[in-house]
Amino acid sequence: MESLDSDVVARQRGERDVLTLPVLLLNRFFAPVSVTTVRRAFVLLYGGAAHAVADEGETHDFPSWLAQPVRTHDDPLPIVGGAVRVPRVLHLLRYDRAPRVAVRLTRRNLMIRDQFQCQYCGRRPTQRELNVDHVVPRSRGGLDSWENLVVSCRPCNLRKGRRTPVEAGMSLLTVPQRPRWSTATQIRLVVREPFEEWRPFLQAG
Ligand SMILES: [Zn+2]
């Protein structure tokens with residue numbers, strides 16, 4: 001099972017090569033688990049590990065999928081003697097776990113967790129005016145962790161300096177924690193333009 005944050009993420013719909021388009025992976029219970037590439041999707045489909053899910057929710061094994069017509073809004077994958085419809089959603093037949101994909105600790109995810117709001121003064125300046133602040137400064141042994149990083153505006157960052165919030169007489173709006181985003185939420189965050197066909201499966205999360 002590939003991770004959500006793998007190279008799939010960087011590849012968005014604008015890309016020319018259809019083999020790198022994202023495909024939503026569902027577990028045995030039709031819950032979203034990850035996103036992969038068209039290339040990998042065809043390996044799974046061909047090998048019998050997955051069925052392709054069509055618009056009305058019906059599923060197709062590889063031979064059955066090859067027989068599906070390529071319609072105008074589909075992405076065609078050229079093959080010998082024609083083209084095959086690129087699947088948008090794949091049903092993993094033997095995968096029955098509901099994986100908790102760990103949310104990656106990145107500046108962007110921190111911004112989203114803290115809702116682009118300075119966690120000291122509550123202001124929401126432009127993104128450029130926001131920093132990531134170590135609650136316990138690095139110089140004092142503070143770690144790069146969800147629990148020790150918060151979004152802060154520049155003035156608050158300067159005011160706090162190399163002090164702890166207590167020493168600086170500042171307090172945090174919330175206790176920083178690792179976000180508990182559902183797989184569906186994370187997929188929506190990493191794939192900026194989810195396909196229309198994904199919608200029914202992402203709604204639950
Ligand atoms: Zn502030």
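## Strand pairing and the hairpin

Two strands pair if DSSP finds at least two bridges between them. In this predicted model, strand 3 and strand 4 (residues 59-60) pair in the antiparallel sense over 2 bridges. V53 has T59 of strand 4 as its bridge partner. The two strands form a hairpin, with 5 residues between them. In the turn, G57 has a positive phi of about 95°.

On to the pairing with strand 7. Strand 3 (residues 50-53) and strand 7 (residues 89-92) run antiparallel and are joined by 4 bridges. A50 stands opposite L92. H51 stands opposite H91.

How many strands form the open sheet, and in what order? There are 5, in the order 2-1-7-3-4, and the pairing is mixed. Strand 2 (32-37) and strand 4 stand at the edges. Each has a single partner strand, so one side of each is left without a neighbour in the sheet.

Two helices deserve a look here. Helix 1 (residues 38-46) lies across strand 1 (22-26), strand 2, strand 3, strand 4 and strand 7. Helix 1 runs at about 110° to strand 2. Helix 6 also packs on the sheet, where it touches strand 1 and strand 2. The direction of helix 6 makes about 30° with that of strand 2.

## Nonpolar cores

The largest nonpolar core has 33 residues. Which of them touch the most other members? They are L24, F42, W65, V89, L90, L92 and W198. Strand 1, strand 2, helix 1, strand 3, strand 7, helix 6 and helix 7 (199-202) each supply at least two residues of this core. Helix 1 gives the largest share, 5 residues. In soluble globular proteins, nonpolar side chains tend to be buried together.

Leaving aside neighbours within four places in sequence, W65 is in contact with F42, L45, A52, A54, H60, V84, R85, V86 and P87. Another core, of 11 residues, lies apart from the largest one. Among its members are Y120, L130, V135 and C153.

## The zinc site

Which residues are the protein donors of the zinc ion? They are C118, C121, C153 and C156, each through its SG atom, lying 2.3 Å from the ion. The angles among the 4 donor atoms are 103 to 113°, and the site is tetrahedral. Four donors count as tetrahedral if all angles lie between 85 and 135 degrees. For four tetrahedral donors, the ideal angle is 109.5 degrees.

In sequence, the donor residues are spaced C-x2-C-x31-C-x2-C. C121 and C153 link distant parts of the chain, 32 residues apart. C121 is in the loop between helix 3 (107-113) and strand 8 (130-134), while C153 is in strand 9 (residues 149-153). C153 is buried, with a relative accessible area of 1%.

M170 lies in the loop between helix 5 (165-168) and helix 6 (183-190). M170 counts as buried because its relative accessibility is 9%, and buried means under 20%.

What does M170 touch, not counting residues up to four places away in sequence? Its contacts are Y120, C156, R159, K160 and P165. One of these, C156, is a zinc donor. Another, Y120, belongs to the core of 11 residues. K160 is 10 residues from M170 along the chain, and their C-alpha atoms are separated by 7.6 Å.

Technical notes
Residues are numbered from 1 along each chain as its sequence is written. This is a predicted model: local features need pLDDT of at least 70, side-chain atom pairs count only at pLDDT 80 or more; totals for chains, interfaces and linings use all residues. Side-chain values use heavy atoms; hydrogens and water are left out. Donors are N, O and S atoms within 2.8 Å of the metal (3.2 Å for Na, K and Ca); water is not among the atoms, so sites may look incomplete. Four donors count as tetrahedral if all angles lie between 85 and 135 degrees; four count as square planar and six as octahedral if opposite donors are over 155 degrees apart and all others between 65 and 115; anything else is irregular. Buried means under 20% relative accessible area, exposed over 50%, partly exposed in between (1.4 Å probe, protein chains only). Contact means heavy atoms within 4.5 Å. Axes are lines fitted to C-alpha atoms, for helices over the stretch in contact, and angles run from 0 to 180 degrees between N-to-C directions. A nonpolar core is a set of buried Ala, Val, Leu, Ile, Met, Phe, Trp, Tyr and Cys residues joined through side-chain atoms within 4.5 Å.
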